[in-house]
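Let's take a walk through this one together, starting with the overall layout and then zooming in on a few side chains.

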Amino acid sequence: MNLARRTANIENLVDELIELYLAQVADLRAYAQAVMAGEGTVHLERNLRHREVQRAELYRQFEQAAFPVFPASDLADQT
């Protein structure tokens, strides 16, 4: 993957992670409000779990894109 595409991919993943973190904060606020109001929270708990799975997958993709693993022979050439 060329540098421009790699950079664009990383930027896109960062944007998606930011959006997801903001959604998680909103879910946590809604959860706290529901608990304080004595309302049911099952659907909110499901949302939180689902978003956490999404976050873990996006972060895994980000790590792969931002910190690629090079074969040992490539690393030896860089020293």
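A quick word on terms before we start: a helix here is a DSSP run of H or I covering at least four residues, and helices are numbered from the N terminus. Keep in mind, too, that what you're looking at is a predicted model.

With that in hand, look at the whole chain. You'll count 3 helices and 0 strands, and reading along the sequence gives you the pattern α-α-α. How much of the chain is buried? Of its 79 residues, 20% count as buried. As for how the chain meets itself, take the contacts between residues at least 6 apart in sequence: 71% of them join residues at least 24 apart.

Now go to helix α1, which runs over residues 3-37. Glu 11 lies in this helix, and it belongs to a negative surface patch together with Asp 15, Glu 16 and Glu 19.

Is Asp 27 buried or exposed? Its relative accessible area is 9%, and the cut-off for buried is under 20%, so Asp 27 counts as buried. Which residues does Asp 27 touch, once you leave out those up to four places away in sequence? The answer is Asn 47, Leu 48 and Arg 51.

Notes:
Residues numbered from 1 in each chain as written. Predicted model: local features only at pLDDT ≥ 70, side-chain atom pairs only at ≥ 80, totals over all residues. Heavy atoms only, no water. Helix = DSSP H or I, 4+ residues; strand = E, 2+ residues; numbered from the N terminus. Buried < 20%, exposed > 50% of the residue type's maximum accessible area, 1.4 Å probe, protein only. Contact = heavy atoms within 4.5 Å. Patch = residues over 30% accessible without salt bridge, like charges linked within 9 Å, V, L, I, M, F, W, Y side chains within 5 Å. Areas by Shrake-Rupley, 256 points an atom, 1.4 Å probe, with all protein chains shown as cover. Salt bridge = Lys/Arg side-chain N within 4 Å of Asp/Glu carboxyl O. Lys, Arg positive; Asp, Glu negative; His and termini not counted. Charge placed at Lys NZ, Arg CZ, Asp CG, Glu CD.
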